[in-house]
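Work through the exercises below with the sequence and the model side by side. Try each task before you read its solution.

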Amino acid sequence: MAHPARQPHPKRAAAVLLLTLLIALALPSSARADDRDHDRPEPSPIPAATACQTAEQLVGKGDLDEAKAILDALPRPGEAPCVVTVLAKLDQQRQYAAHEVLDGQSALQRGDRTTAETEFHQAQQADQTNADAIAGLADMARHQGDPLPTASSNWDYFYNDWVQPIWKLVLPIALGIVVLWALASFASRWLVPVNAIEWQPRQRRTMSWTGGLLLVGSAAMLPIKAIFRPFRPGSQLALAAALLALVLLVGSHLLMGYAIHRVTSPNGDDIDAKAAKWLPGLWRESKAAAWRREIRKWRLFSWLLLVLFAIGLAAGLTPYLVNNQHNQGLLSDAVLTLFGVLLTSAAWGQRLRLQVDVQRTDGATDAGATAYLLARMQSLGLGAPHSYAAPPSASPLSALSSSELSAIPAGRVAGSLARLYFTLRPDLTWRAIVTLLDPNRVTVLLSRNGRSVESMIVSRLDAGLPPVREDGTEAETSTSRERAQAQLLTGAAAFALVRLRQCHTDLRHGLYGATAWESVTLQVIATSKALIDDDTLAVQLLAQATERDPGYVLARFEYLWAVNDRIPAEQRDHVAFAEALDQWTKRVAKEMSGLRHWPMLLLRIYYSSATNWLHGYLASGGDDGHALRRAEKVAKALRNQCREKSDDRQLKQVRDQMRPFAKNLRHCVAALKHPAGATRAWRHPHRGDPLSPRLAWDHACLDSLLHMTMPGQGWDDNAVADLRLAMLTPDRRAKAQDDPCLTPLHGNPDFRDLIGLPPTEFLDLPTLRVARSAVKKAGITTAAQLLAARKRAAPGPLARRLKISPAVLDRICDVAELALVHPDLDHPEVLYVLHAIDVDSRDELLEQAQRDPIDLVRRLRAAAAEARVSNQRAVRTPWPWLRKLGVARGRVRAARTADLWGALALVVRARRRQSPS
């Protein structure tokens, strides 16, 4: 019977292994190193089976590191299968121990100490050297007598250890900043003069940041000193504070002098000689006198800095403070804090921040009126103009941004809280309070940092506006009151803007040299459809604006445009008007070139000048070559202005909008100057241009000029198609009739019908339009020929020959019979006017004449005046064809008498309006 092999004793095997390791360590490195791995220990003479058995027993006891060392000592551990198995068990046991540690930690967080202790013990049994298990058991032993943690206790630990210390540090700092900020706000009332000119942003920000850092530092050092005591005894705090105060004193005065030099010097970078005249009082003074006058306004600020420094220095040298470091620290903090208050107040008190509030007579805030005034302050001058001009058709007057405007909310509680909040803000400098007295008057009170600057009464009657209508219907009265209130609020906005411009030089960029708020009010009202609908009154208001403020450039140009628009088309001198525009532009360009909004007005001037030079050339029949050359020069200047770069978003948008018009103008000049060569060299600007009604109008003008220079190529049809896209209203149809650029299209029947001109031929009448080509192809061109053809042939065969229906033929023949009633009616213009009053046959004319002949005559004359054919005999003296039509002589005589009395009444009424009384 075979005996099993005897297993070596574990202790003996361990002793042998230890002895082997000691011998290996005692040998020299050359004897122990292998060529491929010099760190590998000397192979153990113990058999692999014995080593595996020993290592497995150690794994079972939790001595994983010792078991790993035994297996690593084997000659070729990777070739023995038992070694691989034991190493896998060893890794599995390490993972198990780590998992138990995690479970124990989770149980400890839940407050389950029993489970946590069990998990830690099991982890230590699985791996005796696991550091996390050992630490967990040690922590359990240390807190053995403590109460069990809960979610509430954990929050208490976090609140006591973290929240309270931070809160105790942050709360005093925040309260200190708020108190010092409010103190700076109150101090700005006395430190910043009401008529002081705002410093340039760079100098103002330098002082603002310096003062703000002092305030924040003072508020932060209060709790920091009490909690952390960062300064040791013997620190030279007083000396450092004195030096800092001296630097602040000298630096503040140097900064103030330089800032005032920048805003009063005509040669400064921000305000040059061309724009210095917009500052109040500076254009009549020398540079030194202006500087002295402005520096005197800041005497209180300068003296307060000097007195504060002197008091602090004198107090610091007293025996009470020389040897007391604590009191020296308090004095240093107080002096530097007051320096910060003064610097912050002086810097923030100059900023442009305007709050508006519109109140009724009872003191309640009118939310709707406040919102309108707030929008008006930012959009003054952007209303829809009366004339159908090219973009930009309006010139913005306000340079205020939305961040510079605010309003008091409606409601007593919200309004009171808002007023308190805004009172504590040192950056809210200006406030405009508008009180609505009645539909014709408002008062405006403008204050700066709580001190009154100026007050004014805005009256509609003083501005030359008519009083509010009270005798109409309720809807008419309400509309009149709302428009009157909008006009008054516009005046309030103009007053505030012009007054603000005297202290904030950046606002000069949008006022075009205006110095009187009345002129700005009149100009804005006169050029806005929303504020006035009487063109005659608009011209009168522009005349008043020009007279009250001759230096207001925008009002002068608006007045020129308004007067020119009111001149009858046949009496306009386009060349003289263009010459006047160019002369005025040359006169004011030097003064206006420093203003950011001047290019917007310049684009309008260039476009108007170029089009009038072009119209003057066409009116001369192509003989005035100077006008064409001037049109080319101004169109080139317009194109160059559109190509200039700008960081102003609004100006960039206007230039992009104007660029297609400039390109179309240059094409018009090229079409007239070099018609044959131009069309080969450039493409028509229809392609690539944005579609807009106004641009379609200009494209139609170019098509018309191409039709004039190159007839027979379909340019007239293109022009008519473009005009259909221009959305022609009655006013625009009237302008199309007078536009010299569209004169070459007057022979096109579609164009005449589109703009409301009567046809020049019988077949061009609107009723005959559906059969015009067929009738004309049959050789029929007059009413007599049409009726003769119908008489020779039956209606059916004639309709088939003309390829029209019998009903259409009957309608056409009715018009022909109407034309042959009387020779005075046999004119296309007269038939067109009769069609406009719904008369297309002899029977319809007879019916209306029998019913009320005088009403028929009056409607006929009104339609003829609109179609500009009042000179026709059938319109001036309709009595012969009325008698020929079959109206009784007595009724005709009565109608003629009534017509004479009506004409006499019109003459008397016109003379009464013209009389001085």
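Predicted model: local features only at pLDDT ≥ 70, side-chain atom pairs only at ≥ 80, totals over all residues.

Residues are numbered from 1 along each chain as its sequence is written, and side-chain values use heavy atoms, with hydrogens and water left out.

**Exercise 1. The whole chain**

Task: Find how many helices and strands the protein chain has.

Solution: 
- Step one is the count. The protein chain has 39 helices and 5 strands. Helices (H or I, at least four residues) and strands (E, at least two) are DSSP runs, numbered from the N terminus.
- Step two is burial. Of the 917 residues, 45% count as buried. Buried means under 20% relative accessible area, exposed means over 50%, and partly exposed lies in between (1.4 Å probe, protein chains only).
- Step three is contacts, meaning heavy atoms within 4.5 Å. Take the contacts between residues at least 6 apart in sequence: 67% of them join residues at least 24 apart.

**Exercise 2. Helices α23 and α24**

Task: Describe how α23 and α24 pack, starting with the angle and the distance between their axes.

Solution: 
- Start with the geometry. Helix α23 covers residues 625–643 and helix α24 covers residues 649–673. They pack at about 155°, with axes 9 Å apart. Axes are lines fitted to C-alpha atoms, for helices over the stretch in contact, and angles run from 0 to 180 degrees between N-to-C directions.
- Classify the angle. The two helices are therefore roughly antiparallel. The classes are: under 35 degrees roughly parallel, over 145 roughly antiparallel, 65 to 115 roughly perpendicular, and the rest oblique.
- The crossing of α23 and α24 is left-handed, that is, the near helix is turned anticlockwise from the far one by less than a right angle.
- List the partners. Residues in the contact include Leu628, Ala631 and Glu632 of α23, and Arg655, Met658 and Arg659 of α24.
- Sort them by class. The contact of α23 with α24 has 10 nonpolar, 1 polar and 7 charged residues. Ala, Val, Leu, Ile, Met, Phe, Trp, Tyr, Cys and Pro count as nonpolar, Asp, Glu, Lys and Arg as charged, and the others, Gly among them, as polar.

**Exercise 3. Helices α12 and α14**

Task: Repeat the analysis for α12 and α14. How many residues of each class make the contact?

Solution: 
- Helix α12 (residues 299–316) packs with helix α14 (residues 325–348) at about 175°, and their axes are 10 Å apart.
- The pair is therefore roughly antiparallel.
- On α12 the contact includes Phe301, Leu304 and Gly312; on α14 it includes Leu331, Val335 and Phe339.
- The classes are 13 nonpolar, 2 polar and no charged.

**Exercise 4. Cysteines**

Task: Find which cysteines a disulfide joins.

Solution: 
- Search the whole structure. There is 1 disulfide, a pair of cysteine sulfur atoms within 2.5 Å.
- Name the pair. Cysteine 52 is joined to cysteine 82, with S to S 2.2 Å. The link is right-handed, with 65° about the S-S bond.
- Cysteine 52 is in helix α3 (residues 48–61) and cysteine 82 is in helix α5, 30 residues apart.
- Cysteine 52 is buried at 5% relative accessible area, whereas cysteine 82 is partly exposed at 28%.
- Now take cysteine 668. This residue is in no disulfide; the nearest cysteine sulfur belongs to cysteine 741, 6.1 Å away. Cysteine 668 is buried, at 2% relative accessibility.

**Exercise 5. Positive phi**

Task: Tyrosine 512 and aspartate 838 each lie in a loop. Is each buried or exposed?

Solution: 
- Tyrosine 512 is in the loop between α17 (474–501) and α18 (517–526). Its phi is positive, about 55°, although it is not a glycine. At 0% relative accessibility, tyrosine 512 counts as buried.
- Aspartate 838 lies between α34 (828–836) and α35 (842–851). Its phi is about 70°, and it is not a glycine. Aspartate 838 is exposed, with a relative accessible area of 59%.
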